[in-house]
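Hello,

Here is the structure I promised to pass on. Please open it alongside this email. My notes follow below.

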Amino acid sequence: MLLDTLLLRPLAALIEGMDGRDRLPQIELALGEGPQGLVTALVLTGLGYRWVNQPLTAREPVVDVLIAPGASARDVADNIALAGVDVNATLLYGWFRFSGKSRQIKAGSYEIDAGTSPLRLLDKLVRGEEALRSVTLVEGWTFRQVRDAL
């Protein structure tokens, strides 16, 4: 929790304030100059690497997430957090943007297992590894029964 309070929340605020145009001046201001800035950058890099590879927790063993066609990376991160994955949506959005793969996320229905890291989650979304469902259609069913089964 100390890590979240001291570093992740201010970093999330920095990501939230980025609009893509003035990114470098904001980052330079946040990191500082000289050796202090270098140490801060190294610490942030290490913590970012740790966060991207650590397992995410979820309210259930498997969380279903629906990503609509045309959804932005911010919408995807918000949907994942609202579905029950315990993750800061702003940090997840920042990871999507930082990775350079935010525009490659595919729409679909996904199952996210508890313990999936943000790195594996993004790979799954980019590859389009959607959840597969099976339906058994019984011979002799009416159209209404088939529709209810789907």
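Ser117 is buried, because its relative accessible area is 6% and the cut-off for buried is under 20%. Keep in mind that this is a predicted model. Ser117 sits in the loop between strand E4 (108–113) and H6. What does Ser117 contact, leaving aside its neighbours within four places in sequence? The partners are Val52, Asn53, Gln54, Pro55 and Leu56.

Next, Leu132. This residue lies in the loop between helix H6 (118–127) and helix H7 (143–149). Is Leu132 buried or exposed? Leu132 counts as exposed, because its relative accessibility is 80% and the cut-off is over 50%. Its C-alpha atom is 8.6 Å from that of Tyr110. Along the chain, Leu132 and Tyr110 are 22 residues apart.

Then helix H5. The helix covers residues 89–99. Eight of its 11 residues are buried, so H5 is largely enclosed by the rest of the structure. Which residues are they? The buried ones in H5 are Ala89, Thr90, Leu91, Leu92, Tyr93, Gly94, Trp95 and Phe96.

Both ends of H5 deserve a look. Asn88 caps the N-terminal end. One of its side-chain oxygens lies 2.9 Å from the backbone nitrogen of Thr90, and Thr90 is itself among the buried residues of H5. Just after H5 comes Gly100, with a positive phi of about 85°.

Best wishes

Methods: Residues numbered from 1 in each chain as written. Predicted model: local features only at pLDDT ≥ 70, side-chain atom pairs only at ≥ 80, totals over all residues. Heavy atoms only, no water. Helix = DSSP H or I, 4+ residues; strand = E, 2+ residues; numbered from the N terminus. Buried < 20%, exposed > 50% of the residue type's maximum accessible area, 1.4 Å probe, protein only. Polar contact = N/O pair within 3.5 Å; in protein donor to acceptor, adjacent residues only side chain to side chain. Contact = heavy atoms within 4.5 Å.
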